[in-house]
Amino acid sequence: MALTITPTLAAWGASLALLAPAAAQAQVQAGPGTWSANQTWASDTVNGGALTGYYYWPATQPALAGKRALVIVLHGCAMTAAGDVIDKAADKGFNWKAAADQYGAVIVAPNATGNVYGSHCWDYASTSHNRSTGHDGILLDLVNRFVSNTQYAIDPKQVYIAGLSSGGGQAMALGCIAPDIFAGTGINAGPPPGTTTSQIGFVPSGFTATTASNKCKSLAGSYAPSFSTQIASVIWGTNDYTVAQAYGPMDAAAMRLTYGGTYTKGAAVTVPTGGSNIPYTDSNGKVRTSEITVTGMGHAWPAGTGGQNGHYVDATKVNYPMFLMNFWFTNNLRVAQVPPPVMSSCSATVSGSTVTVSGAGSSSGGSVTSYKVVLNGPTPVNDAAAGSGASFSKAYASRADGNYSGTVTATDSAKGLTSSVCNIPGFLVGPPPAILPPSGLTVGARTASSIALSWSAASGATGYNVYRNGVKVNASPVAGTAYTDTGLAASTTYSYQASTVAGGSESALSGAVQGTTASAFTCSTTNTSNYNHVQAGRAHDSGGYALANGSNQNMGLNNTFYTTTLAQTSAGYYVIGNCP
């Protein structure tokens with residue numbers, strides 16, 4: 001008896017929700033797929049020193065028009081490219097590598113030259129922004145070095161810039177100064193052009209989106225016509241007490257005023273991990289700005305899972321690099337976008353140990369050159385030449401017994417673009433297994449010494465076992481579908497799996513989930529004069545200014561007249577504002 005598994009596919013929309021890498025287009029040179037060693041680029045005659053930093057050149061192929069995108073990523077004050085942005089042994093920094101691999105983009109992470117504002121900041125508040133000198137000049141020179149070097153295959157129409165705090169302000173400023181160069185910006189908690197460093201925590205009286213837009217247009221000068229094809233994403237946290245949260249929507253509104261025309265506010269879309277994204281479309285129906293509010297995030301870069309989690313980087317919030325790449329690539333107004341092929345159907349038929357996969361697709365830009373079949377299971381399949389044309393059918397014999405799932409994609413002949421995946425639901429070869437592991441294993445409440453777990457009930461189960469880092473932690477099977485693991489170390493990540501017990505038999509282990517215990521440290525706040533903070537050891541004096549110990553945030557003049565609230569978030573580490 002044969003079993004056929006067929007999913008239902010929604011019709012392909014006119015706009016792309018996510019671009020897939022071009023699999024069959026003319027190949028560009030593959031990079032090493034690792035971050036470079038520290039590089040030295042142009043000298044900064046204004047702030048001193050030479051621009052240094054790192055770049056990531058992926059081994060994957062580009063996703064749009066056969067050329068690579070270039071992304072300049074700017075750190076915030078008191079941060080560095082090596083310490084916070086790029087991947088390292090402990091974490092993935094700002095978490096750009098996965099996004100770069102998916103889209104085949106080159107990422108460049110420079111260090112701010114000099115010691116601007118006393119905290120290694122980018123000079124976003126410069127009163128003499130120009131395209132030739134200072135931070136503006138050396139960053140534009142950096143872009144030119146990569147665009148003009150043919151080995152990187154950079155498309156000048158796919159150059160973007162993003163940054164946090166002073167880096168976010170600098171990204172916005174450069175988007176204004178050089179709209180002909182930057183097709184899109186990513187502004188994370190960045191004060192707009194025209195504000196000063198003393199105004200980061202509040203919007204000055206009379207300063208509006210119109211004020212910022214007029215400043216932006218004046219910076220562009222004769223390059224202003226290029227604003228017609230630029231897009232901007234802005235993001236900020238609801239717990240940011242360093243840069244005024246009001247600058248977030250103001251930045252986006254300023255860019256819309258700069259771009260000109262009328263806009264329609266879209267419906268708010270929930271952001272993973274909490275928050276919302278509001279898109280604005282112009283009169284042509286094109287998305288021009290995106291405003292993301294991240295619930296519970298302080299002054300930080302939202303890196304997503306795997307990123308650095310501390311020192312102004314938050315790994316528990318939305319993966320902003322992945323969002324930005326999708327936003328830029330989907331809405332780029334400078335590159336002619338041809339829709340990829342469409343998979344209209346796919347199915348798997350099981351007969352004995354043979355699985356036959358069939359599918360159909362079409363391409364508005366040509367014909368389907370190849371179908372790729374991927375089957376995951378005991379005997380996996382990864383077949384990039386399963387067929388071609390309007391439809392295909394191919395049999396895969398001698399598949400071992402067990403559960404399988406699969407996908408089919410189509411690649412066209414005109415642009416080498418690849419379709420979205422057609423998902424084949426899970427299916428079984430051979431007799432059903434006696435016991436399946438529980439599904440839906442989830443991490444719940446956490447303390448400094450415990451992690452709560454829960455899962456969905458498995459058919460036929462008489463109990464469950466819980467495994468921490470591969471070792472069973474319960475002495476006897478758990479009767480219910482929840483368990484709290486205790487006696488753990490604070491601020492430590494553990495891997496958990498669960499199995500089903502039925503009589504004297506035990507299933508295989510479920511997929512693993514990660515859980516991290518809370519910190520044992522209790523945050524506290526103190527509000528007093530900067531002088532008292534320095535005397536009490538919560539801050540230190542630097543050239544007459546009080547700097548918070550640990551974060552080195554500038555609190556203002558070291559005297560009894562300036563009052564600051566400091567939060568101690570860990571031993572010896574203080575930040576301006578309240579506890580998160």
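A salt bridge is counted here when a side-chain nitrogen of Lys or Arg lies within 4 Å of a carboxyl oxygen of Asp or Glu. This is a predicted model, in which local features need pLDDT of at least 70 and side-chain atom pairs count only at pLDDT 80 or more, while totals for chains, interfaces and linings use all residues. Residues are numbered from 1 along each chain as its sequence is written, and side-chain values use heavy atoms, with hydrogens and water left out.

**Salt bridges**

Side chains of opposite charge can pair when their charged atoms come close. The whole structure holds eight salt bridges, including the following.

| Pair | Closest N to O distance |
|---|---|
| D282 and R288 | 3.4 Å |

The D485 and R468 pair links distant parts of the chain, 17 residues apart: D485 belongs to strand 26 (residues 482-485) and R468 to strand 24 (residues 463-468). Helices (H or I, at least four residues) and strands (E, at least two) are DSSP runs, numbered from the N terminus. R145 and D141 both sit in helix 3 (residues 134-148), four residues apart, or about one turn of the helix.

D282 and R288 are both buried. D485 is buried because its relative accessible area is 2%, whereas R468, at 25%, is partly exposed. R145 is partly exposed at 36%, and D141 is partly exposed at 26%.

**Nonpolar cores**

A nonpolar core is a set of buried Ala, Val, Leu, Ile, Met, Phe, Trp, Tyr and Cys residues joined through side-chain atoms within 4.5 Å. The largest has 99 residues, and W96 and W328 have the most contacts inside it. Neighbours within four places in sequence aside, W328 is in contact (heavy atoms within 4.5 Å) with residues including V71, W96, Y160, I161 and I231. Another core, of 21 residues, lies apart from the largest one and includes C346, V373, I424 and V429.

**Surface patch**

Patches are made of residues with over 30% relative accessible area and no salt bridge, with like charges joined within 9 Å and nonpolar side chains (Val, Leu, Ile, Met, Phe, Trp, Tyr) within 5 Å. Y545, L557, F561 and Y562 make up a nonpolar patch on the surface, with about 450 Å² of accessible area together. Y545 lies in strand 32 (residues 545-548) and is partly exposed, at 39% relative accessible area.

Notes. Accessible areas come from the Shrake-Rupley method with a 1.4 Å probe; for residues, only the protein chains shown count as cover. Buried means under 20% relative accessible area, exposed over 50%, partly exposed in between (1.4 Å probe, protein chains only).
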